[in-house]
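Trainee: I am new to this one and would like a close look at a single part of it. Please walk me through the pockets and what surrounds them.

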Amino acid sequence: MIQLRALSKSFKGVKVVDGLSLDIKKGEIFGLLGPNAAGKTTTIRMLCSLLEISSGSATIAGYDLSKNSDALKRTIGYVAQYFGLYKSLSVYENLEFYSSLYGDVEKQKLLELLKKYQIIDFKDTKAGSLSGGYKRRLSLCCALVHNPEVIFLDEPTAGIDPSTRKALWDIFYSLSQEGKTLFVTTHYMEEAQRCHKIAFLNHGKKVIEGTPSEVENSLSEFCIYSTRQKFDYKLLHVLHTTSGVHLVNQFGEELRVVIKKELTKVKLEELMQAYIQENIELKEVKANLEDVFIALTQDNS
């Protein structure tokens, strides 16, 4: 459904997206992750024809992105990172305006769309006064008003509480089951876990791609150990400056350490034991997405 081949974008000679190639299937929820300024939003804006491609190519549902045709525009829907609707217009008026960009749409179909995504009770409410979750629902309705095959969602749940986030993801899954393809950017590892396939972007370059499980299993050259340990600045400083330690991550009272295999568990235990009074108990654990994300992007971030 979406094919990118060495897609690149430069601003004043600086590559923001650098040779990105992807293949995304119909009905797939694809997640693009990366640190701030990794090139995620730039990628989406190119795919929505809001930015010109510097080099490379992209096709969406068989349409060549470089031709920027009306047929392509009707194939995609876009939910921007920031609320881009008209705050002074009502929910219904916003939907009516966006539908007019694609020709006449019957009022009943607009009302059915608002009802389907549980915002019908607010149809006469000014868009600017909606809560964050309902603003996202309205943005989604406006992106779906012309029934596109592909939907681009740029951090669609940023700043939303977990309950509302889950409700929105239930909607995303239902759209996927309808055969629509979703391209999502996010900073949430929990959301990445919900995607069918993900890729990490760092300084414009793809560093890994696969299913969430495949990505979690990608740190084969490292060992990951976990122990119950409260935050200790001296201990963390020593670990950060020890050769062979690739990543140190504190989660409350859990300390996770990613090391190169040549360091060994015994050496790591001896090192840590010198800085804490209690007996250290290191347990080898499986990498999670956050371990992989930081391990693959920290060096150049």
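Mentor: Happy to! One sorting rule first: Ala, Val, Leu, Ile, Met, Phe, Trp, Tyr, Cys and Pro count as nonpolar, Asp, Glu, Lys and Arg as charged, and the others, Gly among them, as polar. This is a predicted model, where local features need pLDDT of at least 70 and side-chain atom pairs pLDDT 80 or more, while totals for chains, interfaces and linings use all residues. Residues are numbered from 1 along each chain as its sequence is written, and side-chain values use heavy atoms, without hydrogens or water.

Now turn to the largest pocket, where the space comes to about 510 Å³. Look for Gly77, Tyr78, Val79, Tyr98 and Tyr102, which lie nearest its centre among 22 lining residues. Strand 6 (76-79) and helix 5 are the elements that each give two or more residues to this lining. As for class, the largest pocket is lined by 14 nonpolar residues, with six polar and two charged ones beside them.

Helix 5 (132-144), along with helix 3 (91-100), is part of what covers the buried residues of helix 4. Those buried residues (under 20% relative accessible area) are Leu110, Leu111, Leu113 and Leu114, within a helix that runs over residues 107-116. Why do they share the same side of helix 4? They sit together there because they cover an arc of only 155° around the axis. In general, an α-helix has 3.6 residues a turn, so residues three or four places apart point the same way. Facing away from the buried side of helix 4 are Lys109 and Lys115, which are exposed. Just past the end of helix 4 you can find Gln118, with a positive phi of about 55°.

Terms used. Buried means under 20% relative accessible area, exposed over 50%, partly exposed in between (1.4 Å probe, protein chains only). Helices (H or I, at least four residues) and strands (E, at least two) are DSSP runs, numbered from the N terminus. The arc is that of the directions from the helix axis to the C-beta atoms. Contact means heavy atoms within 4.5 Å. On a 1 Å grid over the protein atoms alone, a cavity is a set of points where a 1.4 Å probe fits but cannot get out, and a pocket is an open set with protein on both sides within 12 Å along at least five of seven lines; lining residues have an atom within 4 Å of a point. Grid points are joined across faces, edges and corners, and a volume is the space filled by probe spheres set on the points.
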